[in-house]
Amino acid sequence: MEIEGYQFPEDLYYDKEHYWCRVEGNVVVMGTTDFAQKMAGEIVYVQLPLVGKSITQGKPCGALESGKWVGRIYAVVSGKVLEVNEELEDSPELVNQGPYDRGWMFKVEPSNLEEDLKNLIQGDDLVKFVKSEIIRVAAET
Amino acid sequence: MYLFNVGRLPGQQSMLVFHALARMGVEALVIASPKSPLASIGYFQDAEKEIDLSFCRQHGIPFMRREVGGGATYLDENQIFYQLIWKRSNPGFPVQMRQIFERLSIPACETYRKFGIEASFRQENDIVNQEGKKIAGEGGGDIGECMVFVGGILLDFDYETMSKILKVPDEKFRDKVYKSMEENVTTMKRELSDIPPREEIVQTLIREYEKLIGKLEPAVMDARLVESMNTLEKQFTSKGFLFKKTRRKPKGIKIRGGVEIRYGIHKAKGGLIRTVEELEERKITEIGISGDFQFYPKDELTSMEVELRETEFEEQELRGKIQQFYEEHRVQAPGVTSEDFTTAIIHSQPERPE
C-alpha cells in the first residue's frame, strides 16, 4: 500500500525504527522502509551483522552511513543471522533503489517469532504510525 | 543541557569527550580543540586504505577512528570543534538527518557571519562561503542512547599535511588532491586575512547555540567523565579498533560536497592506463591520463583530456565521447581501444597500494 507517497507492502511487518520483516517459512527477511531510505538520502555504506550472530528484537545489530551520519540498524525480530545481502557491500545504493527487494539486508532464523510479531505493526496501526512520522518530519522543515 | 568549554585538550581527548558523554547519556555542547595534531577517520573507513600510516608515524601524528561518519581528515589546534550530544528521545531535536544537519549548522554559520563571512549550510553536510568553498565539515551518528552532531570552525588549515596524511595511489594524485583542496576549502584566515581572537569566536559560537537550543549550564570535566574517557581511550587506541577491517572500498577523495578526486587504473593489452579526474557535481572538470601505452598523434592525448572536460561522469556518455575522439582524430594506440580508456575512467575504484 501507499501511505502519502511512501510504499509499504502489505505482507510485511514493520517496527517503529522504520525497519520491516517478511516471514518466509522458517526464515525472516529484514530491511529498511521506503520512508526511511528517502529520509536518509543516498546510503553510502551498510554494515550488516555477521552470519551466525544472535540478534535481539529492538536492539541495534548493524549500522549504515548516509550523508556523513552513522545510523543504527535495528533487529526487527530476535534470532540468529543466517545470511546477509552481500550485494550491499559494493552497492549500498540498492537500499535506496529497492528497499523491499534488492535492498533486503539480512535473513534470520527467528527464536521467538510469535511473540515478536505481536510487537510489530501492520494495516491501520501502520498507517497511523507512518502518518504521525510524516507529520513529525514535516514539522521539522 | 551542559556546556563543556574545555579549550585545548590532548589530541585524542578532544574527540573522546563527546564519545564518552554520549555513552553516559549526558546531553551537552562541547567546545574543544586538539592541543596537538591528529588524523581522524570515519567510523567505516579502513585505516590502512585511507591513511598514509607511514607518514603519520614518521611525523608523530597519531590517528583515531571516530564513531561518526565522513572521511579521513587532519585535525589541529586551528580548528574549534563543536560537538552536540542529545538523547534520541529528546523532542526538542529533529529526527530526520537532513534537518539535524541543517538546523544544528545554524550556530556555526551565524558565528562565521558575525565575523564577516557569509557562510551557509549546503548538502551534503558542509558549511560553505558565498563562493561555495567549504569552511566547515560536519558529521554525526547514533552513539548509545544519544545522537551526536559534530563539526569544526576552520581558523586555518594545513592543506599540505592534510594531503600527506591521505593514502594515495601516486604523487600525481596527491598533487591533484592538494590543489583541489586549496581551491575548494577555505578558512577564517583566508577569508579575513587574519584570525580573530579565539575566545571571541568561542563565545559567539556558544551564544548562537544557546539561541537555538536554550541556555546551557556550564560544566567541567569531572572524575566520572575523565574515567569514562580513559576507559574509552584504551578501546579506541587498541589495534583491533584502529585497524578494524571494513569492506568499504574507497572510491575517491571527497574535497567538499559535490567535488571529489577519483583515480582509475586499467590494464589494456597495450599497457597500463592511469587516470586522475576531478569531478564536480558528477562532471569531469579536469582529467589527467598517463601510463605506459603508445598513443599517436602524441599531442592528442592532451587534447583528449581537454575534450573530456565537462563530460558527465557516466559510462555511456564517456564511451561515446572517447569513441568519437578516436574517430575524429584518427587515434592510433596499439592494444589500447577507446573502450579501455572508458573502463579506466569510469570504473575508477582506487584500490590504493597497501
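Two strands pair if DSSP finds at least two bridges between them. The model in these views is predicted.

**View 1. Strand 9 of chain A pairs with strand 9 of chain B.** The strand of chain A spans residues 69-74. The two strands run in the parallel sense, and two bridges link them. Look for Trp69(A): this residue stands opposite Gly140(B), which belongs to strand 9 of chain B.

**View 2. Chain B touches chain A.** Chain B puts 21 residues into the contact, and chain A puts in 18 residues. Two elements of chain B give two or more residues each: helix 4 (97-104) and strand 9 (134-143). Which of them gives the most? Strand 9 of chain B does, with five residues.

**View 3. Helix 1 crosses helix 10 within chain B.** Helix 1 covers residues 13-24, and helix 10 covers residues 223-236. Their axes come within 9 Å and cross at roughly 110°. Angles of 65 to 115 degrees count as roughly perpendicular, so helix 1 and helix 10 of chain B are roughly perpendicular to each other. The crossing is right-handed.

**View 4. Residues meet where helix 1 and helix 10 of chain B touch.** Helix 1 brings residues including Leu16(B), Val17(B), Ala20(B) and Met24(B). Among those they meet in helix 10 are Leu225(B), Met229(B), Leu232(B) and Phe236(B). How many residues of each class does this contact have? Nine are nonpolar, three are polar and two are charged.

Methods. Residues are numbered from 1 along each chain as its sequence is written. Chains are lettered from A and ligands numbered from 1 in the order in which they are written. This is a predicted model: local features need pLDDT of at least 70, side-chain atom pairs count only at pLDDT 80 or more; totals for chains, interfaces and linings use all residues. Axes are lines fitted to C-alpha atoms, for helices over the stretch in contact, and angles run from 0 to 180 degrees between N-to-C directions. Helices (H or I, at least four residues) and strands (E, at least two) are DSSP runs, numbered from the N terminus. Angles under 35 degrees count as roughly parallel, over 145 as roughly antiparallel, 65 to 115 as roughly perpendicular and the rest as oblique. A crossing is left-handed if the near helix is turned anticlockwise from the far one by less than a right angle, and right-handed if clockwise. Two residues are in contact if their C-beta atoms, placed from the backbone, lie within 7 Å. Ala, Val, Leu, Ile, Met, Phe, Trp, Tyr, Cys and Pro count as nonpolar, Asp, Glu, Lys and Arg as charged, and the others, Gly among them, as polar.
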